[in-house]
Every structure is written in C-alpha cells, then in structure tokens.
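Student: I have a structure open and some questions about it. Can we go through them one by one?

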Amino acid sequence: MFDALLRRLLAPAPTALAAPEAHLALAALLVRVARADGTYDPTEALRIDRVLAALYQLSPFAAAQLRAEAEQLETEAPDTVRFTRALKEAVPLGQRAALMEGLWSVALADGGRGDEEDQIIRLVANLLGLTDRDSALARQRVERGA
C-alpha cells in the first residue's frame, strides 16, 4: 500500500514530498516513538492525534485517520536510521524542528520517560539534523505546556 512512498523516501536522492506524503511520513515517526517502549496505549494514540491536528490544522477525525494510516506505514517502514535519514532529505528543516516537540509530546504522553523513548528521540533528532540542545529545548517547551 505504501510501496511508492517508501521507494521515494529510500531513493538515492529523495525529493521533497508533497504535503500529504510528508504528513504521513512524519506521523509514522510519531507512531514509532510511541511504540519504542514496547507499549502503545490509547493515551499515546490520542496524543498523536492532537499533535497531528496542531501541526497540520486537521480536524480530530482527519488526524485520527492520518494516525491510523501512519500506524500501518510504520510497520512497513525500514529501520529508524534509514527512514529518518530519508525524511531529513525530503522534509524542510522547519517541519523537522516542529516535529521534535511532537515527538516529545508523544513520548511523555503516558506520564513517563522510558530509556527506549529517550534513545530513539536522541537518534531521530541527530538524524533529522537537529542538535541535542534543539531536542532539549523542545522537550522543555512540552513539559511547560508551551
């Protein structure tokens, strides 16, 4: 179902994605972070919906639909390193920076910060071309509710 998108992301020189494809790919990354600790509960799914609605000005229904598609894409996507590197090439820096807050929001949705979530967020930030400081500032903004 997502073969064409995955082929584009993993091409030797990925091109910028159209908005719907970029939204789906970034949503899949949110799902991957939520699943990193081995649990994926309704609180995390709801948080993903909220992040997607805020990032892309979607209705709650459209955000939930995008998340459902992203859940499927995430299971078909390659390892996090290849997937995230491909996203870096295909998605503008501004969207990558905004995604960090979304990633932290999802990771913190279940009330805790697992080592697995910290590790994947640190890896993803680096692969997206963001610094540890960028990630820490994004986490602090989420924790403050900003």
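Student: Is Ser135 buried or exposed?

Tutor: Keep in mind that this model is predicted. Ser135 sits in helix α8, residues 132-144. Its relative accessible area is 6%. The cut-off for buried is under 20%, so Ser135 is buried.

Student: Which side chain makes a polar contact with the side chain of Ser135?

Tutor: Start with what Ser135 touches beyond its neighbours within four places in sequence: Met100, Trp104, Ile121 and Ala125. One of these makes a polar contact with the Ser135 side chain, at 2.9 Å. That partner is the side chain of Trp104.

Student: How are α6 and α7 arranged, parallel or antiparallel?

Tutor: Helix α6 covers residues 93-107 and helix α7 covers residues 115-127. Their axes lie 11 Å apart, at an angle of about 175°. Angles over 145 degrees count as roughly antiparallel. Therefore α6 and α7 are roughly antiparallel.

Student: How many nonpolar residues are in the contact of α6 with α7?

Tutor: From α6 come Met100, Leu103, Trp104 and Ala107. They meet Glu117, Asp118, Ile121, Val124 and Ala125 in α7. By class, two residues in this contact are charged, none is polar, and the nonpolar ones number seven.

Student: Where does the side chain of Ser59 reach?

Tutor: Ser59 lies in the loop between α3 (42-56) and α4 (60-76). Ser59 is partly exposed, at 37% relative accessibility. At 3.0 Å, its side chain reaches the backbone nitrogen of Ala62.

Student: How far apart are the end C-alpha atoms of α4?

Tutor: Helix α4 has 17 residues. At 1.5 Å a residue, α4 should span 24 Å. The model agrees with this, as the end C-alpha atoms are 25 Å apart.

Student: What covers the buried residues of α4?

Tutor: First find the buried residues of α4: Ala63, Leu66, Arg67, Ala70, Glu71, Leu73 and Glu74. Other helices cover them, including α1 (3-9), α2 (19-35) and α3.

Note on methods:
Residues numbered from 1 in each chain as written. Predicted model: local features only at pLDDT ≥ 70, side-chain atom pairs only at ≥ 80, totals over all residues. Heavy atoms only, no water. Helix = DSSP H or I, 4+ residues; strand = E, 2+ residues; numbered from the N terminus. Buried < 20%, exposed > 50% of the residue type's maximum accessible area, 1.4 Å probe, protein only. Polar contact = N/O pair within 3.5 Å; in protein donor to acceptor, adjacent residues only side chain to side chain. Contact = heavy atoms within 4.5 Å. Axes fitted to C-alpha atoms, helices over the stretch in contact; angles between N-to-C directions. Parallel < 35°, antiparallel > 145°, perpendicular 65-115°, else oblique. Nonpolar A, V, L, I, M, F, W, Y, C, P; charged D, E, K, R; others polar. Expected span 1.5 Å × (residues − 1).
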